[in-house]
Amino acid sequence: MTSSALGRDFRLLWSAAVSSRFGDALRTPALALLAATVTRDPRIIAAVTVAGQLPPLLFGLLGGVYADRWDRRRTMAVVDGVRAAVVAALAVVVALNRVSVLVLLVAAFLLATLGTLFDSASFALLPALVPPDALPRANGRLQAGSAVAGGFLGAPAAGVLFAVAPALPFALDAVTFAAAALLVLALGPPSAIPAGTARRRGSVWSEIVEGLRWLRAHRTLWRVTMLTAASNLAISGIMAVLVLYALDVLRVPPAGYGLFAAAAIVGGVAGALGAGRLAAWLGTVPALRAVLAVETVALTGFALARHPVSGGMALAVFAAGTVVWNSLWASYGQRQVPSELLGRVGAAQRMVGLLTAPLGAALAGLAAAAYGTVPVAGAAAGTFALVTLAAWRALRPVAPAVLSGAA
């Protein structure tokens, strides 16, 4: 999935990202299983999940500031080193049978907090490693490798390793973080890679505001960010009820649900590998509009499907479109934003895009409880149709000069 044309430094970054993702896929389900061994209170188990979801919203913008202030390569390496130590400590606590709810909450929260800084630094570092016209392909390769490592390798292995020894998934996760830190350190020397802005221009808050203002002032990037937020409302809603829809509406056998869910992973990998070619063919912004149209058709087909095969195929196409959108959206921002602002603007993009996800999941849960899952799927398809119409209108006026720079 890597390409020699993308260069040695990209291959190292890709390997670090895949290693980290594999460890994440081991740790996340293992943490849920571990929580279930400590307590059967669903409120506490849910709290562990929430503890891992809050930091990007609470600290994402702050992570963007420090990704612009500090050397990005060293920041990523240090963060992964600290994460390796945290997960190793958790593995020891598990092995000694000293796990408590507080330990789980602190571990989940701390790891997710560190992840916000890593994500901002990684997003801002990539444009220094590959040529601008290769960014869609590079982002696609990163997403494809992460999907394979997480969906096909890590997630299935997590339950098996946990059954062998509860501490094992966490110990292996610590190894993957340590390996990722070493791989990042093997990147080109700091002098060859822009380190971000060493000079401070004001307080942390003023730098956060500067990033938000830049994003808001860039017409196309702001519109794409808002379209992402709107589409995430539908995506989080359909994902919240996916298992119930698959079992009750599509009649997927419980034993076959893993295979059904794998369709989304296969589609995502295919979309990630094709993102670069699509951008080269259509241009990034036109490709974004086309992808939304394809997703709308796929989600409509999913809402109308009543068989596991047709439903799985529609889900795969929809997942492919989602991954292409994410790859192209990231690439467009990385090409448009000045290097010294990449951390902050990228963090602002992600935070705004994610704000609607909790709302979508909550609304889907309430609607499914009252009316069933079929209306939820229909509403998600309708939302995507509206987003697609908005995209064809909102992105069309962009000047050709801007589009050619984003292609």
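View 1. The model shown is predicted: local features need pLDDT of at least 70, side-chain atom pairs count only at pLDDT 80 or more, and totals for chains, interfaces and linings use all residues. Residues are numbered from 1 along each chain as its sequence is written, and side-chain values use heavy atoms, with hydrogens and water left out. Ala181 belongs to helix H6 (residues 168–185); helices are DSSP runs of H or I with at least four residues, numbered from the N terminus. With a relative accessible area of 8%, Ala181 is buried (buried means under 20% relative accessible area, exposed over 50%, partly exposed in between, with a 1.4 Å probe and protein chains only). Val79 is 102 residues from Ala181 in sequence, yet their C-alpha atoms are 7.9 Å apart.

**View 2. Leu328 and the nonpolar cores.** The largest nonpolar core has 53 residues; such a core is a set of buried Ala, Val, Leu, Ile, Met, Phe, Trp, Tyr and Cys residues joined through side-chain atoms within 4.5 Å. Leu328 is one of the residues with the most contacts inside this core, as are Phe260 and Trp325. Setting aside neighbours within four places in sequence, Leu328 is in contact with Pro136, Ala275, Ala279, Thr284, Ala287 and Leu288. A second, separate core has 27 residues, among them Met76, Leu125, Leu135 and Val184.

**View 3. Residues lining the second largest pocket.** Among the lining residues of this pocket are Leu233, Ile238, Leu363, Val376 and Thr383. A pocket here is an open set of points on a 1 Å grid over the protein atoms alone, where a 1.4 Å probe fits, with protein on both sides within 12 Å along at least five of seven lines; lining residues have an atom within 4 Å of a point. Helix H8 (219–240), helix H14 (357–371) and helix H15 (373–394) each give two or more residues to the lining of the second largest pocket. That lining divides into nine nonpolar, three polar and no charged residues.

**View 4. Two loop residues with positive phi.** Most residues other than glycine have a negative phi. Asn97, in the loop between helix H3 (72–95) and helix H4 (101–125), has a positive phi of about 60 degrees. Asn97 is exposed, at 67% relative accessible area. Arg251 sits in the loop between helix H9 (242–248) and helix H10 (257–282), and its phi is positive, near 60 degrees. Arg251 also counts as exposed, at 61% relative accessibility.

Methods. Contact means heavy atoms within 4.5 Å. Ala, Val, Leu, Ile, Met, Phe, Trp, Tyr, Cys and Pro count as nonpolar, Asp, Glu, Lys and Arg as charged, and the others, Gly among them, as polar.
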